[in-house]
Amino acid sequence: MFVLYETPAGYAIFKLLDDNKFKEIDNLYLEFETPEKANKIVKLKHFEKFADTTEALSAATAAVEGKLSKPLKKALKKLVVDDVQNELLVADAKLGNAIKDKMSLQCVANTSVQELMRCIRTQSESLLSGLPKKEMTAMSLGLAHSLSRYKLKFSPDKIDTMIVQAQCLLDDLDKELNNYMMRVREWYGWHFPELGKILTDNVAYVKTIKLVGMRENMADTDLSDILMEEVEQKVKEAAEISMGTEISEEDITNIQSLCDEIISITEYRTHLADYLKARMMAMAPNLTVLVGEQVGARLIAHSGSLVNLAKHPASTLQILGAEKALFRALKAKKDTPKYGLIFHAGMVGSASIKNKGRISRSLAAKASLATRVDAFGDDVTMQLGIDHRAKLETRLRMLEEGNNKRLSGVKAKAKLQKFHAVSEVKTFKVATDSTLPSTSSKKLKAEDEAANAPSPKKKKIEEIEPEMGEPSTEKKKKKKKKNKEEGAAEESMMDDSVAAAEEETPTSTKKNKKSKAKKAAAEQDDE
């Protein structure tokens, strides 16, 4: 077995003298306690020294990437290729696979090999003869510095760092400008409070103070380069009738110094914004076209780099920046936020309130695709971003107009609603018209159910209606006959009662007369 050992000075190939010792991993460190014991286990077979630092750097970068470098390939051809049956012990499994593919050599990389490499490292000074310790230390330091500079030079995140720093500085400048403007308005407002209501633009306000100074100088100062004629006239009229307090020359000097700072910071902010736009268009043109340079830079700064942003799905990109609100909503079991930093994009801002969630979801999906093209594509142009923006604008226009249509042009399926058929045919209820208790309650219920039952087809209903009408007319005729007979019987009964009453009245009168005559006769007898 051969052992491949990597050093800053070159590649060392040892031959393992005792294979049985390699199997005893637990006590292997005991065999490397002294240089004499170590020389009994492994023996230096060949040492391929690097010519210079550049060759060492290329070999180190190849080893990091798991590739076979030229010095290593040269060393393996000299020693190992002659005996194909031999095995090569390597520390890195990726490097072992590369050697196996290129050289057709069996490579072993496991925990036993790692333990053997640690033991060799402890006695590397004695095993590698001809390399002093100072020289090895200097080579290690030089290779480390070269490798660090190489990684920094070819880092894919090097431009991301500039964008992140520029965006963070832009946010800091905005905060400072807001604080300074608030201080100037409050400070100069004691002297000329009406000016703050007339001039809402911060730059115009500051330049006016810088040029005029005291409000008494307002009438004699030409402000045509800063303000419009109408606004200038209002300012001069307000200065004549101002209710502000008087201030000294020293006060106005300090206020004007602060105005100079605000003007210089504003100019630098404009320059920084142009620099950020140029950087974003050079690095992520498609993302910049979709969401704008400032929102795109904030997304990159929040995720750390453009590559990290490209790894995020569209759902994460949509709520990026609203993590606190998301976890608060999940904890309280409420609705999660619909947008984060992407809310400040111009397309989301132009949408109505009810469509902001929909357009932010669509914009996040397209921005995720654009970010991946910008991060991993070759010869990237902004054509993809322009096409996606046109589709999103069409989608937004359709949502605002109320036309529910997809981006692909296929109309969405209409929602299916349940339709209950109700019969419009109404029948006349005969039982409700009759006053006689001839019909039973069961018959009434049966008639009601038959009348209210939904009819499947109108034709059948029209055929059944005349048949149902015939028995109803027959019942009406029978009821009329019964009513007539009962009316006649009642009239005959009334006539009989009247006749009987007439017969009884004369007899009763006669009896009354007889009783009166008897009473009169009895009274006469008593007298």
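The axes of helix H20 (residues 356–376) and helix H21 (residues 383–401) come within 11 Å and cross at roughly 175°. Axes here are lines fitted to C-alpha atoms, for helices over the stretch in contact, and angles run from 0 to 180 degrees between N-to-C directions. The crossing makes H20 roughly antiparallel to H21; angles under 35 degrees count as roughly parallel, over 145 as roughly antiparallel, 65 to 115 as roughly perpendicular and the rest as oblique. On the H20 side the contact (heavy atoms within 4.5 Å) is made by Arg 358, Ile 359, Ser 362, Leu 363, Lys 366, Leu 369, Ala 370 and Val 373. H21 contributes Leu 384, His 388, Leu 392, Arg 395, Leu 396 and Leu 399. By class, these residues divide into nine nonpolar, two polar and three charged. Ala, Val, Leu, Ile, Met, Phe, Trp, Tyr, Cys and Pro count as nonpolar, Asp, Glu, Lys and Arg as charged, and the others, Gly among them, as polar.

This is a predicted model, in which local features need pLDDT of at least 70 and side-chain atom pairs count only at pLDDT 80 or more, while totals for chains, interfaces and linings use all residues. Residues are numbered from 1 along each chain as its sequence is written, and side-chain values use heavy atoms, with hydrogens and water left out.

Leu 396 of helix H21 counts as buried, at 11% relative accessibility. Buried means under 20% relative accessible area, exposed over 50%, and partly exposed in between (1.4 Å probe, protein chains only). Not counting residues up to four places away in sequence, Leu 396 touches Met 347, Ser 350, Ala 351 and Ile 359.

The chain as a whole has 23 helices and five strands. Helices (H or I, at least four residues) and strands (E, at least two) are DSSP runs, numbered from the N terminus. Of its 527 residues, 32% count as buried.

In soluble globular proteins, nonpolar side chains tend to be buried together. In this chain, the largest nonpolar core has 60 residues, and Tyr 188, Phe 192, Leu 195, Tyr 205, Ile 209, Val 291 and Leu 363 have the most contacts inside it. Such a core is a set of buried Ala, Val, Leu, Ile, Met, Phe, Trp, Tyr and Cys residues joined through side-chain atoms within 4.5 Å. Helix H13 (residues 249–283) supplies the largest share of this core, ten residues. The core lies between domain 2 (162–271) and domain 3 (284–400), because both give residues to it; the domain bounds come from an automatic or database domain assignment. A second, separate core of 22 residues includes Phe 14, Cys 119, Ile 120 and Leu 128.

H13 also meets helix H15 (residues 293–303), with axes that come within 10 Å and cross at roughly 75°. H13 and H15 are therefore roughly perpendicular to each other. In this contact, Arg 269, Leu 276, Lys 277 and Met 280 of H13 meet Glu 293, Gln 294, Gly 296, Ala 297 and Ile 300 of H15. Four of these residues are nonpolar, two polar and three charged.

Arg 269 also has its C-alpha 8.2 Å from that of Asp 174, 95 residues away along the chain. Asp 174 lies in helix H9 (residues 158–189) and is partly exposed, with a relative accessible area of 23%.

Lys 333 lies in the loop between helix H18 (323–332) and helix H19 (346–350). Lys 333 counts as exposed at 77% relative accessibility, and has a positive phi of about 60° although it is not a glycine.
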